[in-house]
Amino acid sequence: MMKNTVFNYDKKEIIGLVNSVDTGMSTAVINDDSTLSQLQVNQLLAVQSPKSGRFIIAMIIKIYRKASNIDDEEETEDGASLATFNQVRLVFVGEFIDKIGTKTNVFRRNVSAVPSIDAPCYKIEHERLTNLMQSISSELATSVNPLQIGKYTMDESSIAYLDADKLFQRHAAIVGSTGSGKSFCVARIVEQMAALRHANGILFDIHGEYSGESFKRNGIKQLKIATPSDLSVRDKLNNGILMVPYWLLNYEEMQALLLDRSDQNAPNQAMLFSREVLSEKEQTVKGTEYDNIITVDSPVAYNLQPLVQTFEKLDVEMVSGARGEKQGPFHGKLTRFIQRINNKLSDKRMGFMFSLSSEELKQEWLNQFCSVLMDGKSGIKVIDMSEVPSDVLPLVIGLLARIVFSIQQWSTTENRHPLALLCDEAHLYVQQATTLDAVAELGLRSFERIAKEGRKYGVGLVIISQRPSEVNRTVLSQCNNFISLRLTNVDDQNVIKRLLPDNLGNIADNLSLLDIAEAIIVGDSTLLPSRVKIDEPSIKPSSQTIPFWSIWANDNISQNLSEAIGNMIKQSK
């Protein structure tokens, strides 16, 4: 055995022998009671591999004492002879190799050969544990700008790194109950993204947690969806104000937003709307390179007002008949449709979509919009969505996600710059399809497609939620990395357990016992399923947890109801 190997055990250090083996699991008989009492669930053991110079790294998932019939033991009342022996159940998490080529002490996630019966087992503790964790860390630390997430709980002297490429390529989920440190973890990742020269990411900030001064100081660009008070601002994009014009919606999305499917005239309304929208878009591109090639779904600017005027004329139109004038084909069939459109146009809450200035009605605006949203030179963008009406939030975020994915899809391979979407409070808009209305369901489709196909086009997805049980299963199942902080709800725990590999399900049994900012990390981005204490980020999210009792105990209070009422009326803070 090599002298400088981490696992240079003596025979006297054997604590037990393997007595059964499966493809990914085994059991081992432990020599004595005192040794058994020192072992813990989730502790790592080294099991001798049948291949020379290798050890299988195994995790204890169960410790128990088992009874067995033995001929030479005392008889019980019914005449049977019983003995007890100590046993642990293990799952294989990787293989430690003394030397591969010029590399020494190499950890690999795969296991090339399962242990033999009677293979010796050893404890990994103290200096050996530190060396093992440092070997695992060094595998990832040698990459360019490694993502340092925190420290291993089992050995706090060792830094826990993640393979950032695999984290974003294969999607990730960051979950944790309120107060578990979820925002803390997100901020830790975002600050390291922002330090990269050409990082490209969009964080959908639902409650304004990531819009503080410390984010701005770290070069993170702050954007917001336009509020009613922002509609009169000129040059909105350069002031960090985003409009989301209705003409970006495809035909199906516009139908869901404007049409009442229960209206008996809905088919006529849909047909007429499609015809008139396409006509308006064709007028916009007439004489350009897009002439005669666009469809009703093409993101081409058009003005909705002329359409309303056309519909109003058709709704009261009289035409010549054999016996004089008669009602036109759409007479009285568009009244409710016109009302719905006018309601949207006059609704200041929806001003970011329908109250467009000449600025947003120019086709060039789309280039500027996508540049603000997706340009790799502008780094990480936080979009404050806190004042978007909840009933259209899924549609708006889904639309932004669809635009990002479509542009990435239509970019040539050599000119495609990867981008990550970080979806805070994802349970509000990446929901289970059974609970959705037509508008929200269309928004969800964008995320389902990104989850399935995003890796091919350089779109990574990070789902962030305190209620994983309410997040769409299709999207979650495509996440190959899980950073799970404390989860107290049983339904949420069960969702995460079901998504983990079968042989690692037991590691999730500790989800309700984790400390604040402590996480269980499993997936392609980490070599070893681990319990990690997240490092404190330098950028601080605005905590949404209010200390009720402490505030109630203060001598003075800070409250301004009239200001809040005014903000509610203005729909803006």
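The following legends describe an overview and several close-up views of a predicted model.

This is a predicted model in which local features require pLDDT of at least 70 and side-chain atom pairs count only at pLDDT 80 or more, while totals for chains, interfaces and linings use all residues. Residues are numbered from 1 along each chain as its sequence is written, and side-chain values use heavy atoms, with hydrogens and water left out.

**Figure 1. Overview of the protein chain, with 17 helices and 21 strands.** Helices (H or I, at least four residues) and strands (E, at least two) are DSSP runs, numbered from the N terminus. The C-alpha trace spans about 115 × 60 × 55 Å along its principal axes. Of the 573 residues, 50% are buried, where buried means under 20% relative accessible area, exposed means over 50%, and partly exposed lies in between (1.4 Å probe, protein chains only). The chain exposes about 27,800 Å², of which carbon and sulfur atoms supply 47%; accessible areas come from the Shrake-Rupley method with a 1.4 Å probe. Among contacts with a separation of 6 or more, 69% join residues 24 or more positions apart, a contact being heavy atoms within 4.5 Å.

**Figure 2. Contact of helix H6 (residues 251–258) with helix H7 (residues 266–285).** The two axes come within 11 Å and cross at roughly 135°, which means that H6 is oblique to H7. Axes are lines fitted to C-alpha atoms, for helices over the stretch in contact, and angles run from 0 to 180 degrees between N-to-C directions. Angles under 35 degrees count as roughly parallel, over 145 as roughly antiparallel, 65 to 115 as roughly perpendicular and the rest as oblique. The crossing of H6 and H7 is right-handed, the near helix being turned clockwise from the far one by less than a right angle (anticlockwise for left-handed). Tyr251, Met254, Gln255 and Leu258 of H6 make the contact with Ala270, Met271, Phe273 and Ser274 of H7. These residues comprise six nonpolar, two polar and no charged; Ala, Val, Leu, Ile, Met, Phe, Trp, Tyr, Cys and Pro count as nonpolar, Asp, Glu, Lys and Arg as charged, and the others, Gly among them, as polar.

**Figure 3. Contact of helix H11 (residues 364–374) with helix H12 (residues 393–410).** Here the axes come within 11 Å and cross at roughly 95°, so H11 is roughly perpendicular to H12. From H11, Phe369, Cys370, Leu373 and Met374 meet Leu400, Ile403, Val404, Ile407 and Gln408 of H12. The contact of H11 with H12 involves eight nonpolar residues, one polar and no charged.

**Figure 4. His126 and His171, residues with positive phi.** Most residues other than glycine have a negative phi. His126 has a phi of about 55° and lies in the loop between strand S7 (120–123) and helix H2 (127–141). For His171, phi is near 60°, and its place is the loop between helix H3 (164–169) and strand S10 (172–175). His126 is exposed, at 63% relative accessibility, whereas His171 is buried, at 3%.

Figure 5. Ser26 counts as buried because its relative accessibility is 3%. Beyond its neighbours within four places in sequence, Ser26 contacts Val18, Ser20, Val21, Val88, Arg89, Leu90 and Phe92.

**Figure 6. Pro329 in the loop between strand S15 (324–327) and helix H9 (335–346).** Pro329 counts as exposed, with 53% relative accessibility.
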